[in-house]
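Please read them with the structure open.

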Amino acid sequence: MRSDIKSLRRSLTILTTIAIFAVVYFARDLVLPVMLGFLFALTLSPINRYLQKFGLPAAVSAAFLIFLSALSIGAVVFFAGDTVRSWTEDAPSIARELKHKLSGVTEAIDAVKDASSQVEEMTAAPSDGPQEVVVQQPGLLNSAVTVVASSATSIGVALILALFLLSSGDLFYIKLVRAFPKLSEKKKALATVYDIERQVSGYLLTITAINAGLGVSVGVALWLIGLEYAYVWGIAAFLLNYLPILGGIAGTLLVAVHAIIFFDSLSFALVAPLVYQTLTSIEAQFITPYLIGKRLKLNIVAVFLTVVLWAWLWGVAGALVAVPFLLVFKIICDKIDELHIIANFLSAAENNARLSG
């Protein structure tokens, strides 16, 4: 009887998990702004609480912080938006120029493709079936406009939600405490929320400062070697570094493409991605572990799998919120006895050794 109950609970847990992921996948346009709003609020809550010590009402300090956040986002769009838009419009010509510059490299690849096509044609049986219908996909510019509009809407909703959360002060915490009947449960819930706020806020504020430093370093370094629009790549480095593991790779590849098109010498063009990769590697291997290593005690395998999972669910936006979400989930698992096994798996290796010792 007990084994049947355990099997039923296990089955219900699996079905519930699948249902949650299905809802998250199909309700992205609703859930993503809400998650971003809570992340904004968690990040700015300590600053908002600090400003209130100087006599500012919660609503005033919240409005000031959200205004600064919106101003920062607007500055990024203002300085990089026109350049990125022009690159998007010129994507076909950029592709042709890149193909021309890499003609010596691609000739061998084209030869292999031609040989493979000839083999397929020789071995393929003749068919009188219906002709293949090719559906023309929307243009790159139209897709980019759609993505920008969707992102702007999500960020706008997230900022408004964060404004309401910050303006409410400690109202959310008071309601959370009142939701639990026992004093011990009230204390645990309040400790969990404050722990989430402290760690998520500390992580996001620290990583933002690190990314800003990386962006300035990348922009200056690429400007020194003579690459045009170096400031745009500095902004790109700042934004892409929020994407763990994959952001540095993506930035290196994009800089490589732009440098190959801009510089006449292919060998000199490779200096730009080498500089970008060197700076991001120094940041990832030394600076970030030193500054947030004690705060972000997460298993690197768990981080990578979480990034891949949320990237599959929500694309780039999912990859960006993956680590804060994992950090929140681990804190909750640390506070609940039944989930300590999961918390142990999510912890870094040194924490696992400490727990087992």
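1. Some ground rules come before the details. This is a predicted model, in which local features need pLDDT of at least 70 and side-chain atom pairs count only at pLDDT 80 or more, while totals for chains, interfaces and linings use all residues. Residues are numbered from 1 along each chain as its sequence is written, and side-chain values use heavy atoms, with hydrogens and water left out.

2. The second largest pocket holds about 920 Å³ of space. A pocket here is an open set of points on a 1 Å grid over the protein atoms alone, where a 1.4 Å probe fits, with protein on both sides within 12 Å along at least five of seven lines; lining residues have an atom within 4 Å of a point. The volume is the space filled by probe spheres set on the points, which are joined across faces, edges and corners.

3. Its lining has 33 residues, and Phe38, Leu42, Phe172, Val193 and Ile196 lie nearest the centre of the pocket. At least two lining residues come from each of α2 (28-52), α6 (140-167), α7 (171-178), α8 (183-224) and α14 (316-335), and α2 gives the most, with 10 residues. Helices are DSSP runs (H or I, at least four residues), numbered from the N terminus. By class, the lining divides into 21 nonpolar, 6 polar and 6 charged residues, where Ala, Val, Leu, Ile, Met, Phe, Trp, Tyr, Cys and Pro count as nonpolar, Asp, Glu, Lys and Arg as charged, and the others, Gly among them, as polar.

4. Most residues other than glycine have a negative phi. Tyr229 lies in the loop between α8 and α9 (230-240) and is partly exposed at a relative accessible area of 33% (between the cut-offs for buried, under 20%, and exposed, over 50%, with a 1.4 Å probe and protein chains only).

5. Axes are lines fitted to C-alpha atoms over the stretch in contact, and angles run from 0 to 180 degrees between N-to-C directions; under 35 degrees counts as roughly parallel, over 145 as roughly antiparallel, 65 to 115 as roughly perpendicular and the rest as oblique.

6. The axes of α10 (residues 246-262) and α12 (residues 271-292) come within 8 Å and cross at roughly 160 degrees, which makes α10 roughly antiparallel to α12.
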